[in-house]
Structures are given as C-alpha cells and as structure tokens.
Amino acid sequence: MDLSFSELKDLVFNASLGSNLPTGIGEDLSLAVTFLESRSLPGGKEFLNSLKCERYPSLLPQKKGSSLIFGNSRAIFEGVTAIDFLVSEVCESVILKNIDSQILLLGLASNYREFSFSFYKNKELYASIFNNELFFKYKNYNCRDDIEIYLNDSQLDNPLAKRSRMLLDGNVFKELSNLASNMLVPESELSRTTGAGAGNIDND
C-alpha cells in the first residue's frame, strides 16, 4: 500500500486510539512509525507486534550508578518513559531490559529532534540518531534484548535513505485499518447528539 507521510501518520494515530492508548502516546507513535517506514524499516509491523506483547505490572526504574534500568520493557510504555527521563537529564543513560522492539525505540527517540541518541546492544553501538538522520547497523532486530541509550552523537557510517512515500505491507495496512475502525461509532440519533459526525457548521 502506497501512502504519504500524512496518510500513514493519521492511520497510526487512529489505530493507537482504537487500541485505547492515550492521545499523547498515539501522537508519539504516529510520528515514530512514519519516521521508520520512511527509512524502509518495518515501523508499522513493530508497532502491531508491540501492541500484542504481554505487559508486566509497571515498576519504578532502578538506579544503578548514573543509569536508570527498566525491567521487562515495552517500547510503547517503558520505552516512552525512559526516553523522557533521558532527555530530562535525570540520568546519563537508560537501560531497557528484554525490550520488545528495538526498532520502535529508534522511532520514538526521533521525535526529540533537538537531541542526538546512541543505542547499544551488548555494549556495542548498533544505531544512532543525529540531525534527524538515522544510522543503523544491524539487520537482526527481531529478538528481545537489553538496550542502553545515551544522549550523544556517536555516528555510524551512511545514514538510511529517506523516502517521500511509504510502501506499507498490505497485511499491516489492513490490521492498522481494523484498529482505526474502532474509533467509528454506529450512526444513530444518540451518537449524533453526543458529538459524532458533522454538525451544521462542520466542514468534514
């Protein structure tokens, strides 16, 4: 499925709300997935997989030296929180244990355009974000790992090329559309009086 930046962004945002995620996280995810897909990385698929992963009870991160450690992490929950802590400079690095999506983390970090990030797996640099460019080393990203993120501009060679339109997998598009349809309500007098649909002065 061929989509523009704004079409994919809106689709992921509506799919997030259709999955009962908070509006703020939906906005973060819509930008993150579009950033990844525009660089030929499977952001949509990773988003869907992350929604299906089991979420463990939320625990406060543990402090170890200058790092904050998050256990049994999901990108759409602990990942968002960890990056917020990092850019707030309350720690020098964040460690996400057993993270469900290394790729989605990259997209979420890209939302902070004024910052540079370095991502490490097993103490080895595998990705970085600098000046809104993504540098990515590994292709094997389908396994759960412990990931550590720093605020700095450690660069790898050759940023991933950016596309103006995204070629989204057909199955991923269908699944996102199904989630987005959860935002729709049956047409009725009750739904209209409670705010659904266009009003007398609406343009939609």
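Modeller: Let's begin with Glu78, which lies in helix H4 (residues 75-87). Helices (H or I, at least four residues) and strands (E, at least two) are DSSP runs, numbered from the N terminus. This is a predicted model, in which local features need pLDDT of at least 70 and side-chain atom pairs count only at pLDDT 80 or more, while totals for chains, interfaces and linings use all residues. Residues are numbered from 1 along each chain as its sequence is written, and side-chain values use heavy atoms, with hydrogens and water left out.

Is Glu78 buried or exposed? Glu78 is buried, because its relative accessible area is 10%; buried means under 20%, exposed over 50%, and partly exposed in between, with a 1.4 Å probe and protein chains only. Setting aside neighbours within four places in sequence, Glu78 is in contact (heavy atoms within 4.5 Å) with Arg55, Ser58, Phe70, Asn72, Ser73 and Leu96.

Now to the strands. Seven of them form an open sheet of mixed pairing, in the order S2-S3-S4-S8-S5-S6-S7. Its edge strands are S2 (62-64) and S7, each pairing on one side only. From one strand to the next, the twist averages 20°. Two strands pair if DSSP finds at least two bridges between them. In general, strands of a sheet pair through backbone hydrogen bonds, either parallel or antiparallel.

Look at one end of that order: S6 (residues 124-130) and S7 (residues 133-136) pair in the antiparallel sense over four bridges. Across this pairing, Ser128 stands opposite Phe135 in S7, and Phe130 stands opposite Glu133 in S7. The hairpin of S6 and S7 has two residues between the strands, and there Asn131 takes a positive phi near 55°.

Finally, step back to the whole chain. It has seven helices and nine strands, and of its 204 residues, 44% count as buried.

Conventions. Axes are lines fitted to C-alpha atoms, for helices over the stretch in contact, and angles run from 0 to 180 degrees between N-to-C directions.
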